Structure formats: structure tokens, C-alpha cells
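Please go through the model below with the protein–DNA contacts in mind.

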Protein chains: 2
Amino acid sequence: MGVPLPLGRRIRADIEAQIKGGHWPPGYRLPTEQELQTRYGCARATVGKALSALADAGLVERRKKAGTIVATPRAHTAVLTIPDIAEVMAARGQAYRFELTGRAVRAVDPASSNERALMAHGAMIALAGMHHADSSVFALERRVISLAQVPEAESEPFVRQAPGTWLLQHIPWTRARHRICAASLAAEDARALGLPEGSACLRLERWTWRELAGITYVEQTFAADQFDLIAEFSPGGV
Amino acid sequence: MGVPLPLGRRIRADIEAQIKGGHWPPGYRLPTEQELQTRYGCARATVGKALSALADAGLVERRKKAGTIVATPRAHTAVLTIPDIAEVMAARGQAYRFELTGRAVRAVDPASSNERALMAHGAMIALAGMHHADSSVFALERRVISLAQVPEAESEPFVRQAPGTWLLQHIPWTRARHRICAASLAAEDARALGLPEGSACLRLERWTWRELAGITYVEQTFAADQFDLIAEFSPGGV
DNA sequence: TCGGCGATAATGTCTAGACATAAAATCGGT
DNA sequence: ACCGATTTTATGTCTAGACATTATCGCCGA
């Protein structure tokens, strides 16, 4: 309050309000930089910067000679936060426990496309485990970790702390890719979750890299009614 | 090839390469605008714009007096793009068709929590339909639209164009909330999709608002092996 | 040693121009 | 009527400054 917005931001906010208020519909051609320059009494670079920022945010499209038009959104984008399972449990007020059910050091399986997507060859550690909520099984996890990138993993027990939690806290990463899909439970997984074979489940897969080197791949399986993902978005970064 | 990058973009690309190549680790303080200005032989505004773009992309953080430092990437958040179904079909090279199977104008059902989450009362239009890929059913959709916010919807047939596509192109919105979960197919939906009852499916729900007023709620159901969502996070948006 | 306070160094915002580039619009010839 | 060359126009990029803002550092006094 009291602090006036810098002119550039005010121009941007004004235009954003016109668009979000529906006064300027998709396809509407907005005033040229010259007109805005005159209207606001400022240099062309100032309105240009405001319009470019709106273009970066996806609210408008700019084409030479054609001018600047309100963008027609082609998709909904949202910032999805994929929480650490231990944090989900804490938020729900349930007791959390990770149980390691399998552990092996081996070479990359060239028949597995999920492993190949992470790295071409080398040694890795393969882990399997269950996430418990109170006394029931909440999720299943299968993971491989590159020993070339994370040699410390070989001496880590992963018995009390889930490997995902440990990795997040110890290993820096630069790129991650997530895949979210639904699937039917295979017999073995159904038994572990205490559900009928073929039940619906949500599957979350994540590949993580540091630069070009693959660090880990994980596949988490949740019973259909146990877990969902919520994503919120306001365009323009509000 | 052969077209030289504008200087500003080249500066940005150079710095990005230093960061992604690991030569400038998180926390590293990069050269000041003055140093870069001398190094590249350009005006300060040019390096400033490049650095600001990197800051917008989340690769660096800028603080007055302290300078510009390489940012530490945040934990598992990713930009999820939820595409318009017609665009998915176009990308896959399949023929797309929307079929409207139900349409009614009625008041908000106070027993439906999904409708209550959108608005307290008022008239709405309820739609049901199927998204076809080539000759098979790709997804089911149920939607309600607020007639107070979107009176044009009453005279819109929604026979050729899916309501989502129409809304996205005509109605501005300021906030959206998505929920992603797995579910078992109810008898009616299973019949529509041509699958056994109880099959796994991915369910996507979306609530959309303009300011505080609810515009629409939609629930889309996909067969498990038909559709998945990919979310990428790489700082800088590559 | 600690706290405050001013100098300084860095980015933030802006101006008034210049030239480059791309695409729509127009004009001219067939 | 159509196609191609030219003009026009709006944005893209850049310069060389100016002043504003603010966090940090170092100094000085209690």
C-alpha cells in the first residue's frame, strides 16, 4: 500500500486484468507498442518489456507486423507437487514405516526399457520395498540407483529410511521426468497390497538425472482409493 | 545453421551451459553485469536482460549488492501439461470426434460435493459425452458449466466441438485445480468404453474459476492403457 | 564485543534513440 | 484473376547513458 508499482509492472497488470476479466478475448489484437507508449507516456522499451513478459507467461502472442494478440490457450498447465511419501503420512497424521523387501547389486538389464532410459550400461543397485501407513501397506516401490553416480548407495542399508528420502537429501539432481498412469494390479503386487488381482492402481514413475547421467528410476504403485495428486495453477504466475 | 544467435541469447546460452555442465555449481556467484558487459563488449541492458531471463527460468537468483548466484533446484515439483484431448489426437495422428450423449439445464445439486465445490447455487448446464479416437472410444466426459458465468453455453450445441475446447477458447479463467486418481470402471462407463466392469482407469478432474466465481467442473475417464500424463522438470524449461 | 550507521556495490527500472527482421499489404505485370 | 516483387508496419534487438533501490560491508563509538 502506498508504494506505487513501477510503470512497467503497472502496464503488465493492466493488460492482464483486461484479459482475465474477459474484456479482451482470445484473438483480440491489443494496442501497438506505439499506442501504449503514448497512452502511458513512456519509452517503447518499457511497454515492449511488459508485453514480452506477458508473452513469456503465455497470455499473449506476438508476431511481427501482425501485432500482439491475446493467446488462445491450448492446454492447461499446472505445477504439480509430488510429495515424499513420508511427508504425506505426516500430513495425514498416520504412522509411517518403510520396509525393504529386496536388494541386489547387478548390471543394467538391457531388456528393460526403463533401465535403458536411465543409462546405457554400468552397475546399479536394485531395491524393492513397501511403504506402510499405520499397520497397512500404503504403496509399493521398485527402484534402481546408478552406482556410478551414487557410489554411497552401496553402503546404505535403506532399512529404516526410504531410498527416495535419502536420495533427496543427499544427491543433487538437475532433471526429472514423471509419468502418471493407471494400471491393473499384477498378482504379486495385489498380494502385497492385500487386494484382489486386477484391482485398479495409480502408478507413478520417476526418472532422475544429474546433467546427462541417470541417477535413479523409481516406480511407485498405490491402491486406487489411497492416493491422488492435486495440481493448482493460475496463469501469469499469481 | 549459419544464423548467428543474437548476442543476448548467446550470453544466456553460455551461462546456461556453464551451469548445466556443472562448472558453476549451485551457490556459485557469477560475474557481475559489468564484467559480462566488458567480456562481451555490449551494453549493460543486454547482459541484464539475459540474466533476468535466467532468473525467470529459475536457474539463477539475483539479489542487489549480493550479485547473481546459481540457484539450487527445488524438490520434486514439475510442470504438468494437461493437453486438450483434440490436440493429443492430432499429435498421435488419429481422427478425433466428440459425441454429445447428454445435455440438461438444471440447478446445482446440493448433494454433489463436486458441484458445491464450484458454486453454492444457481443454474448450470450438465453435459455428458465421449471422445472418439479413430473408431474407438478414447475417453468419457461429464461436465457442468455455470450459466451465471457462461450464459453463452446455453445456446452452444457442443455437438461438433468438445465443450472443453470451446470453453478454453472463449472463456477466460484465472485459477484451476486438478485432481488425478485411479479408479475402477462402473458398469455404465465400462459399457461405454467397451471394457469389463471394474477395469482400471485414470480419472482426471478439473475445477475452473474466474476470480472467485466457478466456471466449470469436468471429470474425464480414460482406459488405463490409453493415456498417461508426463511431467518434466528441468530448470530453464528445456 | 556488540550494535548502529553510512558508504558502496550490485541489480532494477527507465529513456530516447537506432537498425534489423519478418510478415502482411499493396502494387504491377502477365 | 493470379502471382511475384516491393513497400509498409510492427516487433526484435541493441546502445549508452541516467537515476532508484537495497543488501552488504566495514567503520566507529558505546
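**Contacts with DNA and selected residues**

Arg29(B) has a polar side-chain atom 3.2 Å from a phosphate oxygen of DNA strand C. This is a polar contact, a pair of N or O atoms within 3.5 Å; within protein, one atom must be able to donate a hydrogen and the other to accept it, and residues adjacent in sequence count only if both atoms are side-chain atoms. The model is predicted, and local features need pLDDT of at least 70, side-chain atom pairs count only at pLDDT 80 or more, and totals for chains, interfaces and linings use all residues. Residues are numbered from 1 along each chain as its sequence is written, chains are lettered from A and ligands numbered from 1 in the order in which they are written, and side-chain values use heavy atoms, with hydrogens and water left out.

Glu33(B) also approaches DNA strand C, with a polar backbone atom 3.1 Å from a phosphate oxygen. From chain A, Arg63(A) places a polar side-chain atom 3.4 Å from a phosphate oxygen of DNA strand C. The elements that give two or more residues to the surface near this strand are helix H1 (7-20) and helix H3 (44-56) of chain A, together with strand S2 (67-70) of chain B. Helices (H or I, at least four residues) and strands (E, at least two) are DSSP runs, numbered from the N terminus. H3(A) supplies the largest share of the surface near DNA strand C, four residues. A residue is near a molecule or strand if one of its heavy atoms lies within 4 Å of it. There are 23 residues around DNA strand C, and Leu7(A), Arg9(A), Thr46(A), Arg44(B) and Arg62(B) come nearest. Of the atoms of DNA strand C that come within 4 Å of the protein, 72% belong to sugar and phosphate. By class, the residues of this surface near DNA strand C are 12 charged, six polar and five nonpolar. Here Ala, Val, Leu, Ile, Met, Phe, Trp, Tyr, Cys and Pro count as nonpolar, Asp, Glu, Lys and Arg as charged, and the others, Gly among them, as polar.

DNA strand D is surrounded by 24 residues, the closest being Arg62(A), Leu7(B), Arg9(B), Thr46(B) and Arg63(B). Sugar and phosphate make up 73% of the atoms of DNA strand D that come within 4 Å of the protein. Arg44(A) reaches a base, with a polar side-chain atom 2.8 Å from a base nitrogen of DNA strand D. Strand S1 (60-63) and strand S2 (67-70) of chain A, with helix H1 (7-20) and helix H3 (44-56) of chain B, are the elements giving two or more residues to the surface near DNA strand D. H3(B) gives the most, with four residues. The surface near DNA strand D holds 13 charged, six polar and five nonpolar residues.

Chain A as a whole has seven helices and 10 strands. Its radius of gyration is 25 Å, whereas a compact globule of 238 residues would have one near 18 Å; the radius is taken over C-alpha atoms, and the globule rule is 2.2 Å times the number of residues to the power 0.38. Along the principal axes, the C-alpha atoms of chain A fill a box of roughly 70 × 40 × 35 Å.

In chain B, Ile15(B) is part of helix H1. Ile15(B) counts as buried because its relative accessibility is 2%; buried means under 20% relative accessible area, exposed over 50%, and partly exposed in between (1.4 Å probe, protein chains only). Beyond its neighbours within four places in sequence, Ile15(B) is in contact with Trp24(B), Leu30(B), Leu36(B), Leu51(B) and Leu54(B), contact meaning heavy atoms within 4.5 Å.

Lys65(B) lies in the loop between strand S1 (60-63) and S2 of chain B. Lys65(B) is not a glycine, yet has a positive phi of about 70°. With a relative accessible area of 81%, Lys65(B) is exposed.
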